[in-house]
Amino acid sequence: MDVIGAISDVVWGIPTLILIVGTGLYLTIRLGFLQFRTLFYGLKLAFSPSKQDKKSEGDISHFEALTTALAATIGTGNIAGVATAVVLGGPGAVFWMWLSALFGMATKYAEAILAVKYREKNSKGQFSGGPMYYIEKGLGLKWLAVLFALFGAIAAFGIGNMVQSNSVAGALTETFNVNATVTGLILTVLAGLVILGGIRAIGRATAFIVPFMALFYVLAGLIIMILNWELVPGAVAYIFTDAFTGQAVAGGAIGAVIRWGVARGVFSNEAGLGSAPIAAAAARTDYPGRQALVSMTQVFIDTIIVCSITGIVIVMGDMYIGGPEGAALTSASFDLFLGGAGGVIVAIGIVFFAFSTILGWAYYGEKCFSYLFSDKAVPYYRAAFVAAIFVGAVAELDLVWGIADVMNGLMAIPNLIGLLGLTGVVVAETNKFLKVAREEKERDLARK
């Protein structure tokens, strides 16, 4: 654990975080602050399917690709991760989560546009894509692509599987006194039924689960804010002031505020890690840019909306110094304002968030594995992945968590090299699609 912890500190250290945020900033500038200009258009594409979607090649819709990516990112990081950032970095860490997300939207856009451009059909006629494909085909660096796929296939078992099932088992045991073995069996069966059906089954499941779970959690947070509206302005103001003073951290360590805010923000929305473009590559779309705008909105929904709910409620509750940590802090904060119902809401949120993360990462892991060993090996990966869900629910996972954390961080390095090396391609594809989008808008106005 000491060795793994030391490696993790390096992998998730300041240089990597600077590289991740710096890449987002660079892409933001090269794309002319695209995420700010086209956010509402991206949301429209995601939630109101266009005629082009039905005629285009792909395995799942824009919306299903978005919800699959959201399923993988809206997880325990939105509940426990935000709480950790506030405890270790102070309320100001929430501001730096927001800032990293705004730049991360450009990163997520670039990942998706490359994933669709360089995707290819497998032996079953389904699309495969992601960093391993655009690194190999775009940059010609096969060895780097193999490294990404290796890190991704391993990380999926930890961060996207056993850690999540362990969180569900812990939440249900603590809140409802459900035995971990029972939780493990139920999770394994339910997830197995979906995962063994492949991306179409995963897409249908996430399209149903993700909107429900996100609305459920966000509405609970909004109710707290509305009922305690007088505390909201002070909490938000404190988030902004503490972001530049670090008053809530021992010694006023502004570096700690920035580090934990950025680190937990990246951990939550995964911008730059290279996972979400694997789902984007399966989308039915006529232009890479169209799906890229949809994928970009995932960061906005995950961090700017869902994580903000957690962060603001925790700051309002004012129990982050010397109190509970992680998911327990979020649960205690919700309990403070909603009584016993608060802990139940958070527990249910963890169950749905973690379950959906297992589904999303199952697809990511199998695509990485199939890149390494061919499509014929996928059934074996799926079987092992489903079995690991039960193991995660009943086992102690300190070592698994540590290894998964390292592999998750290592995914970012090959991916960021790919993004920086192919920025010219991203810009060219963007200009091509924006021209098409303008022409479509002019035709629509002419019809009216």
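Which residues does Thr357 touch, not counting residues up to four places away in sequence?

1. Thr357 touches Ala71, Ala72, Ile74, Gly75, Ile159, Gly160 and Gln164, once residues up to four places away in sequence are left out, where contact means heavy atoms within 4.5 Å. Thr357 is part of helix 18, helices being DSSP runs of H or I with at least four residues, numbered from the N terminus. Its relative accessibility of 1% makes Thr357 count as buried, a word that stands for under 20% relative accessible area, with exposed for over 50% and partly exposed in between (1.4 Å probe, protein chains only).

2. A word on the basis of these remarks. The model is predicted, and local features need pLDDT of at least 70 while side-chain atom pairs count only at pLDDT 80 or more, although totals for chains, interfaces and linings use all residues. Residues are numbered from 1 along each chain as its sequence is written, and side-chain values use heavy atoms, with hydrogens and water left out.

3. Helix 11 (residues 180–195) has 16 residues, which at 1.5 Å a residue should span 22 Å, and its end C-alpha atoms are 21 Å apart, which agrees; the expected span is 1.5 Å times one less than the number of residues. Thr183, Gly184, Leu187, Thr188, Ala191, Gly192, Val194 and Ile195 are the buried residues in helix 11. They cover an arc of only 155° around the axis, and therefore lie on the same side of helix 11, the arc being that of the directions from the helix axis to the C-beta atoms. Val189 and Leu193, on the other side of helix 11, are exposed. The cover over the buried residues of helix 11 includes helix 10 (142–176), helix 12 (198–227), helix 18 (340–373) and helix 19 (378–394).

4. Helix 16 (residues 288–317) packs with helix 4 (residues 39–47) at an angle of about 105°, with the axes 8 Å apart. Axes are lines fitted to C-alpha atoms, for helices over the stretch in contact, and angles run from 0 to 180 degrees between N-to-C directions. Helix 4 and helix 16 are therefore roughly perpendicular to each other, given that 65 to 115 degrees counts as roughly perpendicular, under 35 as roughly parallel, over 145 as roughly antiparallel and the rest as oblique. By class, this contact of helix 4 with helix 16 has 11 nonpolar, two polar and one charged residues.

5. Helix 16 also crosses helix 13 (residues 232–245), at roughly 105° and with the axes coming within 9 Å. Val232, Ala235, Val236, Tyr238 and Ile239 in helix 13 meet Ile312, Val315 and Met316 in helix 16. The residues of this contact divide into eight nonpolar, no polar and no charged, where Ala, Val, Leu, Ile, Met, Phe, Trp, Tyr, Cys and Pro count as nonpolar, Asp, Glu, Lys and Arg as charged, and the others, Gly among them, as polar.

6. In helix 17 (327–338), Leu329, Thr330, Ser331, Ser333, Phe334 and Phe337 are buried, and what covers them includes helix 7 (76–89), helix 12, helix 16 and helix 18. Gly339, which follows helix 17, has a positive phi near 70°.

7. Asn177, in the loop between helix 10 and helix 11, has a positive phi of about 60° and is exposed, with a relative accessible area of 67%. Asp318, in the loop between helix 16 and helix 17, has a positive phi of about 55° and is exposed at 54% relative accessible area.

Technical notes: Helices (H or I, at least four residues) and strands (E, at least two) are DSSP runs, numbered from the N terminus.
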